[in-house]
Amino acid sequence: MLKIAPSVLAADFAALGREIADVRRAGADWLHLDVMDGRFVPNISIGIPVVASVRKATDMFLDVHLMIMEPRIYAARFCDAGADMVSFHVEADTAEGITKAVEAVKAKGKMVGLALKPATPAEAVLPWLEQIDMVLVMTVEPGFGGQRFMEDMLPKLRAVRRMAAGRGKDLILETDGGIDERTAPLAAAAGCTMAVAGSAVFGSADRAAAIRALRAPTLSQED
Ligand code: DX5
Ligand code: ZN
């Protein structure tokens, strides 16, 4: 069954504790936290102190998505702040920098993911595929919630799934951007196991119904 990670980017930040408790009650699997530095993406969101406060407020699995330049500098600090999964973009650092960031997160005993912007091919994760726990495929240009799902990213999802399967690797495949009732089943059919959903969950008055609707249409028979 498709798992759902609501993105707090679409939450009311002035009531974040209540918003998180609400999606937890509603059955969300993970909580997705979008960190933006105004350089890697043309927007600024939240950072280390907010992750640390959220950590104190909930026992949910914290899925931290870094949209920042040079993630090697900050990856470990997000682990210390309480992230359970830290993912960052292959486009945001040198190959050595990405290796350092992956190692820094592993050294903290946390899960690590690599994220791909729409223009970046699936093969870009290959050098690190053995070490990582997740690949995050952006299905919108990173930076903003509420954008339209790019259906031309579906072949990339399938390619990542194939690469992982070819190596006998049990990889979490996450889709981020434009997930709603119509697009969730497309992503799931392409091999996605974790769907990030901002507006589709936080924009709905009944979050439990919204999460159920995103999960419901899974086409395949996996768990
Ligand atoms: C965009 C973020 C997403 C965003 C998704 O850069 O990475 O996590 O919150 O929002 P929706 O689901 O509204 O497209
Ligand atoms: Zn995200």
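Let's start at Gly178: a backbone N or O atom of this residue lies 2.8 Å from an oxygen atom of ligand 1. That is a polar contact, meaning a pair of N or O atoms within 3.5 Å. Keep in mind that this is a predicted model, where local features need pLDDT of at least 70, side-chain atom pairs count only at pLDDT 80 or more, and totals for chains, interfaces and linings use all residues. Residues are numbered from 1 along each chain as its sequence is written, and side-chain values use heavy atoms, without hydrogens and water.

Two other residues belong here. A polar backbone atom of Gly143 is 2.7 Å from an oxygen atom of ligand 1, and an N or O atom in the side chain of His65 is 3.3 Å from an oxygen atom of the ligand. How much of ligand 1 does the protein bury? Taken alone, the ligand exposes 380 Å², and 99% of that is buried by the protein; these areas come from the Shrake-Rupley method with a 1.4 Å probe.

Now the shell. Ligand 1 is surrounded by 20 residues, each with a heavy atom within 4 Å of it. Asp34, Asp176 and Ser199 are among the closest. By class, there are 8 nonpolar, 10 polar and 2 charged residues, with Gly counted as polar. Strand S2 (30-36) gives the most, 3 residues; strands here are DSSP runs of E, at least two residues long.

And where does ligand 1 sit? Its space is the largest pocket, with a volume of about 310 Å³. Of the 25 residues that line this pocket, the closest to its centre include Gly145, Gly146 and Gly177. On a 1 Å grid over the protein atoms alone, a pocket is an open set of points where a 1.4 Å probe fits, with protein on both sides within 12 Å along at least five of seven lines, and lining residues have an atom within 4 Å of a point.

Technical notes: Chains lettered and ligands numbered in written order. Polar contact = N/O pair within 3.5 Å; in protein donor to acceptor, adjacent residues only side chain to side chain. Sits in = over half its atoms within 2 Å of the grid points. Helix = DSSP H or I, 4+ residues; strand = E, 2+ residues; numbered from the N terminus. Points joined across faces, edges and corners; volume = space filled by probe spheres on them.
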